Amino acid sequence: MYGNTSPFASHAHRASSMYSKVGLETDVLNASPHRLVALLFDGLSDAMVQARGAIEQGNIELKGRSLSRAVRILDEGLKAALQLDAGPLARDLSDLYVYMCKQLTHANLHSDLAAVEECQRLLQPVRDAWHSIGQAT
């Protein structure tokens, strides 16, 4: 009922949330550029999973927050990190991210579960490929 930062949230819940936040901040500060992009993919995936659950439960506030977060990760994180002069793959990824932003915005406006699921299907092979590159190095 209450968010993590609510004074009414349990002490253990607030402490756990703060511990997770510190862990993520530490991971980001010490991360390689490859790891930072992997964290963006993970955050995007988590936001879409959360949005799906919110749509299924009719939680409009959580749906809006989750899908807005997903769009920001796509636009301000993944798309912004691309070097478009690197070749056609970067341009194709940019086009994919633009399309996904439009679909997720549509999903937010219309509570369209199918649009979120489509974006999850589109993201998965790109995310998997990125993670496999990290394992190969």
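**Notebook: helices and their packing**

Entry 1. I began with the overall make-up and noted that the chain has five helices and zero strands. The model I examined is predicted. Reading along the sequence, I recorded the pattern α-α-α-α-α. I then looked up burial and found that 34% of the 137 residues count as buried. I also looked up contacts between residues at least 6 apart in sequence, of which 55% join residues at least 24 apart.

Entry 2. I turned to pairs of helices. Two packed helices are described by the angle between their axes and the distance between the axes.

Entry 3. I took helix α2, residues 33–57, together with α3. Their axes lie 8 Å apart, and the packing angle is about 155 degrees. I noted the crossing of α2 past α3 as left-handed. On the α2 side, I listed the residues in contact as V37, L40, F41, G43, L44, D46, A47, M48, Q50, A51, A54 and I55. On the α3 side, I listed L62, K63, S66, L67, R69, A70, I73, L74, G77 and L78. Sorted by class, this contact has 15 nonpolar, four polar and three charged residues.

Entry 4. I next examined α3, residues 60–81, against α4, residues 88–110. Their axes come within 10 Å and cross at roughly 165 degrees. That angle makes α3 roughly antiparallel to α4. I found that α3 passes α4 in a left-handed crossing. From α3, the residues I recorded at this contact are K63, G64, L67, S68, A70, V71, L74, D75, L78 and K79. They meet S94, Y97, V98, M100, C101, L104, T105, A107 and N108 of α4. By class, I noted 11 nonpolar, five polar and three charged residues in the contact of α3 with α4.

Entry 5. I checked the length of α4. At 1.5 Å a residue, its 23 residues should span 33 Å, and the end C-alpha atoms are 33 Å apart, so the two values agree.

Entry 6. Which residues of α4 are buried? I listed A90, L93, S94, L96, Y97, M100, C101, Q103, L104 and A107.

Entry 7. Lastly, I looked at what follows α4. The helix is followed by S111, whose phi is positive, near 50 degrees.

Notes: Residues are numbered from 1 along each chain as its sequence is written. This is a predicted model: local features need pLDDT of at least 70, side-chain atom pairs count only at pLDDT 80 or more; totals for chains, interfaces and linings use all residues. Side-chain values use heavy atoms; hydrogens and water are left out. Axes are lines fitted to C-alpha atoms, for helices over the stretch in contact, and angles run from 0 to 180 degrees between N-to-C directions. Helices (H or I, at least four residues) and strands (E, at least two) are DSSP runs, numbered from the N terminus. Angles under 35 degrees count as roughly parallel, over 145 as roughly antiparallel, 65 to 115 as roughly perpendicular and the rest as oblique. A crossing is left-handed if the near helix is turned anticlockwise from the far one by less than a right angle, and right-handed if clockwise. Contact means heavy atoms within 4.5 Å. Ala, Val, Leu, Ile, Met, Phe, Trp, Tyr, Cys and Pro count as nonpolar, Asp, Glu, Lys and Arg as charged, and the others, Gly among them, as polar. The expected span of a helix is 1.5 Å times one less than its number of residues. Buried means under 20% relative accessible area, exposed over 50%, partly exposed in between (1.4 Å probe, protein chains only).
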